[in-house]
Structure formats: structure tokens, C-alpha cells
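Here is a short briefing on one structure.

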Amino acid sequence: MNYELFYQKIEKSFSSYKTIIQITNKITTYLMYILYPVLLILSKDIKILFIPMISFILVSVVRDKINRPRPYETHPIHPIIIKDTKGHSMPSRHVFSAVIISMSYLYVNTTIGIILLLISFILGMMRIIGGVHYISDVVVGYVIGLLCGLLYFM
């Protein structure tokens with residue numbers, strides 16, 4: 001697949017929604033980072049602290065080792081989401097974090113967890129449309145978040 005053509009189509013399709021995409025990316029990111037401490041405070045289960053913490057550290061180490069360049073580093077594109085980070089694209093840590101937080105909520109409250117998993121999916125879409133991650137970065141981040149979250153149910 002030619003990524004440049006792929007992203008040109010995305011950019012053309014979403015050009016009039018740039019501000020909405022940027023705001024949605026920020027809101028979904030901040031929402032997760034606010035909801036996690038709330039769950040930590042309300043929950044008495046030590047798993048809520050340790051599963052995401054250990055998973056986050058492991059994902060960060062793997063991501064550092066892979067150090068995949070971001071789409072805007074390797075292709076002449078104009079990303080909708082402005083970011084100047086170099087490398088560390090695989091897996092998407094934003095998406096992983098959102099999913100592991102969602103799985104934490106799923107463990108405590110199924111309805112809220114499912115809603116947050118959908119919001120995590122939206123965040124992943126914003127990261128792809130925004131041009132800061134490849135599809136594979138987001139899919140891998142989402143899947144790792146789900147797999148790590150399954151530890152709650154073992």
C-alpha cells in the first residue's frame with residue numbers, strides 16, 4: 001500500500017474537520033488521563049494500579065526498542081494533528097493507555113468499560129486520521145491493551 005496516497009485521501013476527506021479531529025484527539029486523551037486517577041481513588045483493588053503500571057512500563061520498553069518512525073517522518077505528508085515527536089510510533093501508547101484504562105473500568109463496571117473501549121477506538125481513529133500513527137501502530141496498541149486487560153479476569 002502506498003501510504004502517501006492513502007494519507008492524501010484521508011487529508012482530503014477530513015480537511016474541513018481538522019479542528020474537530022484535533023479537539024477530539026485532545027478530549028479523548030485527557031478524558032482517559034482524568035478517569036484513571038478517579039478509578040484509582042474509588043477502587044480498593046490493587047490490580048487497578050499494578051496491571052496498567054506494569055503493562056505501561058513493558059509497552060514503553062518495547063516501543064523504545066522498536067523505535068519506529070512516525071508517518072510524518074518518513075512520508076511527505078501534512079499531518080492534521082501537529083506533533084514533533086521523533087520515532088516511538090509502534091505501538092501507539094496513547095491507544096494502549098486508553099484501552100488498558102478502559103479494561104480497568106470494564107473490570108469494575110461493564111457498561112462504562114464498553115463505552116470507554118469505544119472511545120479508545122475513536123482515539124485510535126483520530127491518531128490515524130491525524131497522521132501521527134500508522135494503522136498497524138494503533139491496532140497493535142489496542143490489541144496489547146486488550147490482552148493486558150484480560151489479566152483482570154484471570
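Where is the place of Gln22? Gln22 sits in helix 2, which spans residues 18-42. The model is predicted, and every value below is computed from it.

**Gln22 and its surroundings**

- Gln22 is partly exposed, because its relative accessible area is 30%, and that class lies between the limits of 20% for buried and 50% for exposed.
- Leaving aside residues up to four places away in sequence, Gln22 touches Ile80, Ile81 and Ile82.
- One of these residues, Ile80, also takes part through its backbone: the Gln22 side chain reaches the backbone oxygen of Ile80 at 2.6 Å.
- Gln22 and Met126 are 104 residues apart along the chain. Their C-alpha atoms are separated by 7.9 Å.

**Helix 5 and helix 7**

- Helix 5 covers residues 93-108, and helix 7 covers residues 135-149.
- The two axes come within 8 Å and cross at roughly 25 degrees.
- Helix 5 is therefore roughly parallel to helix 7, since angles under 35 degrees count as roughly parallel.
- The crossing of the two helices is right-handed.
- Helix 5 makes the contact with Val95, Phe96, Val99, Ile100 and Met103.
- Helix 7 contributes Val138, Gly141, Tyr142, Ile144, Gly145, Leu146, Cys148 and Gly149.
- By class, the contact of helix 5 with helix 7 holds ten nonpolar residues and three polar ones. It has no charged residues.

Note on methods. Residues are numbered from 1 along each chain as its sequence is written. This is a predicted model: local features need pLDDT of at least 70, side-chain atom pairs count only at pLDDT 80 or more; totals for chains, interfaces and linings use all residues. Side-chain values use heavy atoms; hydrogens and water are left out. Axes are lines fitted to C-alpha atoms, for helices over the stretch in contact, and angles run from 0 to 180 degrees between N-to-C directions. Helices (H or I, at least four residues) and strands (E, at least two) are DSSP runs, numbered from the N terminus. Angles under 35 degrees count as roughly parallel, over 145 as roughly antiparallel, 65 to 115 as roughly perpendicular and the rest as oblique. A crossing is left-handed if the near helix is turned anticlockwise from the far one by less than a right angle, and right-handed if clockwise. Contact means heavy atoms within 4.5 Å. Ala, Val, Leu, Ile, Met, Phe, Trp, Tyr, Cys and Pro count as nonpolar, Asp, Glu, Lys and Arg as charged, and the others, Gly among them, as polar. Buried means under 20% relative accessible area, exposed over 50%, partly exposed in between (1.4 Å probe, protein chains only). A polar contact is a pair of N or O atoms within 3.5 Å; within protein, one must be able to donate a hydrogen and the other to accept it, and residues adjacent in sequence count only if both atoms are side-chain atoms.
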